[in-house]
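Hello,

Here is the structure I promised to hand over. Have a look at it first, and then read on for a short tour of what turned up.

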Amino acid sequence: MLDLRYRTILSVAVPLMVSSFIQSIVLITDSSFISRYSTTAFDAVGNGGLIYITLFMALAGMGDGAQILIARRIGEERTEFIGRIFGSSIITHFIIAISLFFLMQWFMPAWIMDYSKHKDIGYLQGDYIRIRGFALFFAMISLSIQAFFLAHGKTWVVLIAAIVTAGSNILLDYLLIFGNWGLPEMGLKGAATASTIADGLGMVTLISFLIVSEERKRYDLFKHLSYNLEFIKELFRIGSPLMLQGFVALATWTVFFTWIEQLGKFELTVSQNIRSIYFLAFVPIWGFAGTTKTYISQYIGKGDFKSIKTIQRRIQFLTLIFIVFFFHGALLYPEQLVGMINPEPAYIEKSAEILRFIVGSILIFGLFNVYFHTINGSGNTAVTFTIEVISVGLYILVSYLFIKVFQFDIFWIWSVEYVYFAALGLLSIFYLRFFDWKTKKI
């Protein structure tokens with residue numbers, strides 16, 4: 001059982017943050033490599049990557065559901081059910097992964113070509129997601145194992161797997177995009193292949209840690225490893241709102257970037273620069289989001305409701321400190337950050353202006369995200385899905401007005417981030433204040 005000391009909170013959150021930081025560095029490195037290969041490929045990888053992440057979030061949502069269920073059983077000291085939850089998680093992930101794989105191979109490329117204004121970018125996006133689709137089969141195993149370790153607060157395992165994934169991806173990008181060390185020059189396809197192989201190596205790392213882990217031996221995990229229809233139903237009940245929640249959030253951003261692509265190549269490239277750096281801000285936010293879910297689920301399982309406000313305040317305080325640490329460059333030296341992503345002078349000034357502008361939205365998100373994931377950790381995932389839908393609905397409406405109707409400058413278009421984060425936070429606070437959320441049985 002996790003205690004409330006800052007030291008313990010950080011012991012859970014820091015490995016998750018470092019893992020996210022590594023992934024952000026990978027994203028920046030990928031963007032830097034591919035922007036130096038071709039601006040068109042850079043735009044295509046950006047939009048194609050968003051499509052992949054959007055579909056990946058369907059798997060990740062089920063992983064979050066498994067994490068919440070396992071953490072609750074730990075708090076309740078009903079650990080005999082953990083093996084069945086874990087086995088059911090793998091089965092549900094496989095069902096989703098195979099469905100998404102067929103979608104990415106046979107339907108998505110044609111849809112992309114239909115709505116793309118610039119067909120050269122659309123064609124390359126199709127090539128990218130066909131290759132990335134194979135990574136879903138690695139993800140279905142990785143996410144189940146991650147849920148098991150995160151529910152125990154054993155985040156350093158996830159960190160090591162992330163280091164393996166990130167390191168191999170950077171090396172393979174260097175080799176396969178440009179054709180170094182005698183390997184073929186593959187360009188965009190090399191970027192997709194590198195990321196897919198790296199995901200496979202990350203999966204192998206997690207499997208290895210699971211086999212030798214103390215927790216596997218303590219729970220005799222493989223002996224109880226089985227799937228059960230009741231557990232699958234329970235996992236879908238908790239996980240499907242999270243799955244849809246992540247899908248809707250990223251799908252909305254995909255629509256946003258699609259509309260920007262239709263606005264013009266300059267606006268798209270500027271926005272892709274921002275997107276690549278934006279993920280630095282999510283390093284502490286995602287790290288403390290996972291920490292919040294684990295803490296809240298364990299403490300509710302224990303019946304200790306008095307500690308929840310303390311958990312929230314301490315995580316918010318730490319989140320703000322780490323946002324300043326990771327994202328201060330967006331305010332103080334954005335030109336240098338943008339130059340790392342894309343050295344073309346034509347895009348640096350506008351990208352830097354927008355980065356400075358959106359810093360405030362990130363601070364809002366950092367504070368409010370704790371309330372949102374308190375609801376998730378309580379098991380009321382249908383509520384957070386509703387909050388997500390309302391927030392992205394406002395986001396889409398304002399984006400449509402700014403891009404399609406008023407045709408604002410790209411600087412003002414990015415103000416929609418304030419709309420989304422503020423709506424998400426205020427709705428979460430309203431629910432926690434006026435509704436009974438502590439007695440949810442899962």
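A word on naming before we start: helices here are DSSP runs of at least four residues, numbered from the N terminus. Please also keep in mind that this is a predicted model.

Let's begin with Thr8, which lies in helix H1, residues 6-37. Is Thr8 buried or exposed? Buried means under 20% relative accessible area, and Thr8 counts as buried because its relative accessibility is 10%. The side chain of Thr8 also makes a polar contact, at 2.5 Å, with the side chain of Asp3. Leaving aside neighbours within four places in sequence, the residues in contact with Thr8 are Leu2, Asp3 and Tyr295.

Next comes helix H12, residues 308-327. Several residues of H12 are buried, among them Ile308, Ile311, Ile315, Leu318, Phe322 and Phe326. Thr310, Gln312, Gln316 and Thr319 are buried in H12 as well.

Finally, a helix pair. Helix H15 (residues 345-377) packs with helix H16 (residues 381-405) at an angle of about 145°, and their axes are 7 Å apart. The crossing of the two is left-handed. On the H15 side, Phe372, Ile375 and Asn376 take part, and they meet Thr381, Val383, Thr384, Ile387 and Glu388 in H16. By class, this contact has 4 nonpolar, 3 polar and 1 charged residues.

Enjoy exploring!

Best wishes

Note on methods:
Residues are numbered from 1 along each chain as its sequence is written. This is a predicted model: local features need pLDDT of at least 70, side-chain atom pairs count only at pLDDT 80 or more; totals for chains, interfaces and linings use all residues. Side-chain values use heavy atoms; hydrogens and water are left out. The expected span of a helix is 1.5 Å times one less than its number of residues. Buried means under 20% relative accessible area, exposed over 50%, partly exposed in between (1.4 Å probe, protein chains only). Axes are lines fitted to C-alpha atoms, for helices over the stretch in contact, and angles run from 0 to 180 degrees between N-to-C directions. A crossing is left-handed if the near helix is turned anticlockwise from the far one by less than a right angle, and right-handed if clockwise. Contact means heavy atoms within 4.5 Å. Ala, Val, Leu, Ile, Met, Phe, Trp, Tyr, Cys and Pro count as nonpolar, Asp, Glu, Lys and Arg as charged, and the others, Gly among them, as polar. A polar contact is a pair of N or O atoms within 3.5 Å; within protein, one must be able to donate a hydrogen and the other to accept it, and residues adjacent in sequence count only if both atoms are side-chain atoms.
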